[in-house]
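Please read the following note beside the sequence and the three-dimensional view.

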Amino acid sequence: MAGTINRDDVASVRERAPIEQIVAEHVTLKPAGVGSMRGLCPFHDERSPSFHVRPGVGRYHCFGCGEGGDVIDFIMKLDGMSFVEAVEYLAPRAGVELRYEAGGQRSEPSGPQRARLLEAHRLAAEFYREALDGPEAKIGRDFLTGRGFGKEAAEEFGVGYAPQGWSALLDHLRARNFAEPELKATGLFSEGQRGLYDRFRGRLVWPIRDVTGEVIGFGARRLHEDDQGPKYLNTPETQLYKKAQVLYGIDLAKGAIRTDRTAVVVEGYTDVMACHLAGVKNAVATCGTAFGEDHVKIVRRLMGDTGGARLTVGGMGAKVVFTFDGDEAGQNAALKSFSLDQQFLAQTFVAIDPEGLDPCDVRQQRGDEAVRALLEARVPLFEFVIKTTLAGHDLNTPEGRVTALRAAAPVVARLRDSALRPEYGRRLAGWLGMDTDTVLATVTRAGSSGQRPSAGEQAQRPAEGQAPGRPDRRDPMVRAEALSLGALLQAPEAIRADPTALQVADDLVAEAFAVPQYRAVFSAIAAAGGVRAAGKDWVAQVVLEAGEDLASIVNELAVTPLPHDKPETLGVYGGSVMSKVLDGHLTRRIGDLRGAMQRAGAGTEEAQRLFAEMIAMEAKRRSLRGD
């Protein structure tokens, strides 16, 4: 579609899109004062929440890393969309029908529009679902039935079937006017000498959705004996699908993960289905890759993994439960997960069936209750890792026990909860049959040798509100200047409704702000028309006037909670903090005028002019103070 999006429509999207709901799809938000919400920042890894959202202002800001903006900025930065794509994505949620102006220079993103790729995936998922009902798909239906999944389960998870032909889906999308570049960019097709052909053929297909529920890729399971491809075949890396950042089932599990503060990580699509159908609604799985750092961030944000010390087993803290097969590959996966354990404040557990069955097989053979029992029988991940480490050594010989101790001691030393280290040191001594003091000394040496990667992490993270280059608000006048600007940005209507506050706002000048950044922000407010002209998209207008260098500070000020945020008192409060700033400016100016008068000499024309200005300033200050 040619042209740019109508500016009024963009402003309407900013104003109407529910920023708190959109952010909450990625971050667990909790109340942080009147009109403010707070959670873990999705743009950097942190353990204490410094990410604030102000629904009434339509802005967000992280006091840790400085990221901030409006709802459009949030979608652009988090999902990698262009400006146009983000506006088009948000418009339906804001109830805005976009108009495009011909003749404008619209900046096209590289490759097809995200909206078109999402539409192709939606149509593909629908196509596969319908194909599952056809005669050819009996082999797929039998596969599902054999694993305890009926038609209702297939529909709940959107499971479908990819026909064996080379161009079934290709023809379907071409008939719906998808161009060749768009088809290539979907990842749904491979390309040979004769052109494009269906990537998934004769396979059972699971749609993979992002946290908002949009289909962004597929996972497909081999069914036919003559299929020479891999057992599982996934969508390749595309503009939409990044396997290191995708968790299958996250769209269905996000609510339970937030509510229970527990995530269950399984290994396959059918395991996710089995868990959910057994009542374990917080189960997710990786897609063709091991559980990694990006997955950790997704889960931590949803759980609100912000606590201090870990709670004891059985407590109400956040939990992550990994399920693995009992074979060597499963054990290796558990060891890899332990390497990520330090990134969680949540307790981490592992649940392995004694017979080595995965959750899908457990449900099929023993029923739903057995799946729940498997997860209830979880053990701390670090205990499993210690025992797995010991299992690789011959504990019947002195040499084997000493070697096992040297291998296991660093694991105990890495435990985040310092109170648990001596306890597990004593348990390790019992498992080894060795002297407790000797084992504890070995653990201590392992810890002091720098083998605990979490040391010093707290010192590396900037304190909230103290990001580099930011004014120090512990100074009362600096704080007053920040709150004044916050009131001007967040509550222009309340200030206009209070005659006293409006008069103070009119009297303020840029020179009243001693902090250079705040002086520049006030100048941007004035350039945008001041509070008298503030209307829809007010903060965005100020950001535009302020420029890129000051955008982060404007966002911070627009999101910082104000001590008094009730509509009936906000105008009065804004007037009081602005009065403090103006009073300080007048006092400084009066002092400067007195010094200038002395330098000018008594009786001179310049001294008389300066005296008259000083008298006017003193009168304004008395009026401001109500003297």
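1. Basis of the note. This is a predicted model, in which local features need pLDDT of at least 70 and side-chain atom pairs count only at pLDDT 80 or more, while totals for chains, interfaces and linings use all residues. Residues are numbered from 1 along each chain as its sequence is written, and side-chain values use heavy atoms, with hydrogens and water left out.

2. The chain as a whole. The protein chain contains 29 helices and 19 strands; these are DSSP runs numbered from the N terminus, with helices (H or I) of at least four residues and strands (E) of at least two. Of its 627 residues, 53% count as buried. Here buried means under 20% relative accessible area, exposed means over 50%, and partly exposed lies in between (1.4 Å probe, protein chains only).

3. Surface and contacts. The protein chain exposes about 28,300 Å², of which carbon and sulfur atoms supply 50%. Such areas come from the Shrake-Rupley method with a 1.4 Å probe, and for residues only the protein chains shown count as cover. Among contacts (heavy atoms within 4.5 Å) with a separation of 6 or more, 69% are between residues 24 or more positions apart.

4. A negative patch. Glu-130, Asp-133, Glu-152, Glu-155 and Glu-156 form a negative surface patch. Patches are made of residues with over 30% relative accessible area and no salt bridge, like charges being joined within 9 Å and nonpolar side chains (Val, Leu, Ile, Met, Phe, Trp, Tyr) within 5 Å. Asp and Glu count as negative and Lys and Arg as positive, whereas His and the chain ends are not counted. The place of a charge is taken as NZ of Lys, CZ of Arg, CG of Asp or CD of Glu. Helix H7 (residues 151-157) gives the most to this patch, with 3 residues. Glu-155 is found in helix H7 and counts as exposed because its relative accessibility is 52%.

5. Salt bridges. A salt bridge is a side-chain nitrogen of Lys or Arg within 4 Å of a carboxyl oxygen of Asp or Glu, and by this rule the count comes to 27. One of them joins the side chains of Glu-180 and Arg-174 at 3.3 Å, N to O. Glu-180 is partly exposed at 33% relative accessibility, and Arg-174 is partly exposed at 38%.

6. A bridge between a loop and a helix. The side chains of Glu-355 and Arg-366 meet in a salt bridge of 3.5 Å, N to O. Glu-355 lies in the loop between strand E18 (347-351) and helix H14 (359-366), and Arg-366 lies in helix H14, so the pair ties together parts that are 11 residues apart in sequence. Glu-355 is exposed at 59% relative accessibility, whereas Arg-366 is partly exposed at 38%.

7. Arg-609 and Glu-606 meet through their side chains in a salt bridge of 2.8 Å, N to O. Both lie in helix H29 (residues 605-625), 3 residues apart, about one turn of the helix. Elsewhere, salt bridges that share partners join Glu-383, Lys-387, Glu-423, Arg-426 and Arg-427 into one network.

8. A buried arginine. Is Arg-363 buried or exposed? Arg-363, found in helix H14, counts as buried because its relative accessibility is 17%. Leaving aside neighbours within four places in sequence, the contacts of Arg-363 include Arg-147, Phe-149, Leu-277 and Asp-368. Arg-363 and Ala-278 are 85 residues apart in sequence, yet 7.6 Å apart in space, C-alpha to C-alpha.
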